[in-house]
Each structure stands twice: as structure tokens, then as C-alpha cells.
Amino acid sequence: MTSSRPYLVRAFNEWILDNDCTPYIVVDAGVQGVQVPNEHVANGQIVLNISPGAVRSLVVGNGALEFSARFGGVPMQVFIPLQAVMAIYAKENGEGMVFGSEPGSPDPDGTSDGDASEQGHGQEERPSGRPTLKVVK
């Protein structure tokens with residue numbers, strides 16, 4: 001099957017906007033093909049506001065998310081392969097979704113995809129190939 005991530009990013013973006021909130025995405029800037037303003041990358045990640053007032057020509061395709069925006073007054077075309085999108089959430093209340101690795105997708109750094117809430121709680125290793133779900137409040 002194809003990746004569910006583009007469908008989920010589109011759906012969460014629409015849901016967040018329909019609820020008069022501001023959609024933000026967290027991007028792994030180390031994934032090959034990511035084109036973001038490097039001066040705003042911290043700890044290998046960048047958080048981007050993708051609301052209609054912040055970006056122009058947002059396209060969430062099946063392989064990548066792209067738009068144009070200004071960073072410090074300088075226009076830039078942003079390109080993000082969807083495998084680099086780590087989360088999408090509403091700025092106002094934090095509601096959204098954190099993405100894990102999908103079966104068959106390349107792992108860019110060769111490490112396990114556990115989020116901060118899982119690390120250190122006796123769950124360092126998960127059986128590979130088994131789907132996992134996370135409750136997002």
C-alpha cells in the first residue's frame with residue numbers, strides 16, 4: 001500500500017484550519033531532499049507555520065509538501081519530502097499527530113523511531129514490522 005502520511009497531513013491540516021487554529025509541522029531537516037532555511041534549524045529539526053497567512057501556494061502531494069514563504073523578509077521555496085514530516089499540530093492547543101516510521105519506508109538515520117515519551121520507559125526496542133498507535137490528546 002502507499003504511504004498514509006500525505007493523506008493524514010492533508011486531513012489534519014484541514015481539520016486544524018476548520019477549527020480556527022494554526023497548523024504547524026515539525027520537520028526532520030536531516031532527511032535527504034529537505035529544503036528549508038538552515039539558519040532556523042535547531043537540533044536537526046525545524047517547526048514551520050503552514051497556515052494560509054504564513055505561506056503561499058501550499059501543495060501537499062503524495063511525495064512531498066512544498067510552499068513559498070518569507071523568512072526574515074527573504075522569500076524562499078520550501079520543499080519537504082513527506083517522510084521528513086515528523087508531526088502536525090495546532091499551535092493553540094497542541095492537538096495533532098506525531099508520525100512514526102511506516103513499514104517499507106527508509107529510516108534516514110538507521111535508529112529506532114521512538115518519541116520522547118516512550119524513551120526511558122522500558123520500551124527501547126519494539127518488535128520490527130508491527131504497527132503501533134499512539135493516543136494524541
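Tutor: Buried means under 20% relative accessible area. Keep that cut-off handy, since we're looking at a predicted model.

Student: OK, what makes Y24 buried?

Tutor: Its relative accessible area is 18%, and the limit is under 20%, so Y24 counts as buried.

Student: And why is Y89 called partly exposed?

Tutor: Y89 comes in at 23%. Partly exposed is what sits between the buried limit of 20% and the exposed limit of 50%, so that's the label Y89 gets.

Student: How do you know that Y24 and Y89 form an aromatic pair, and why is it tilted?

Tutor: Their rings are 5.9 Å centre to centre, and the cut-off is within 6.5 Å. The planes are 50° apart; stacked needs under 30 degrees and edge-to-face over 60, so tilted is what's left. Y24 lies in strand β1 and Y89 in strand β6, so the pair ties together parts that are 65 residues apart in sequence.

Student: What makes the F12 and W15 pair edge-to-face?

Tutor: The angle between the planes is 90°, and over 60 counts as edge-to-face. The centres are 5.7 Å apart. Both residues lie in helix α1, about one turn of the helix from each other.

Student: What makes D20 worth a look?

Tutor: Its phi is positive, about 55°, although D20 is not a glycine. Most residues other than glycine have a negative phi. D20 is in the loop between α1 and β1.

Student: Why is D20 called exposed?

Tutor: Exposed means over 50%, and D20 has 70% relative accessibility, so D20 qualifies.

Key. Residues numbered from 1 in each chain as written. Predicted model: local features only at pLDDT ≥ 70, side-chain atom pairs only at ≥ 80, totals over all residues. Heavy atoms only, no water. Phe/Tyr/Trp six-rings, centres within 6.5 Å; stacked < 30°, edge-to-face > 60°. Helix = DSSP H or I, 4+ residues; strand = E, 2+ residues; numbered from the N terminus. Buried < 20%, exposed > 50% of the residue type's maximum accessible area, 1.4 Å probe, protein only.
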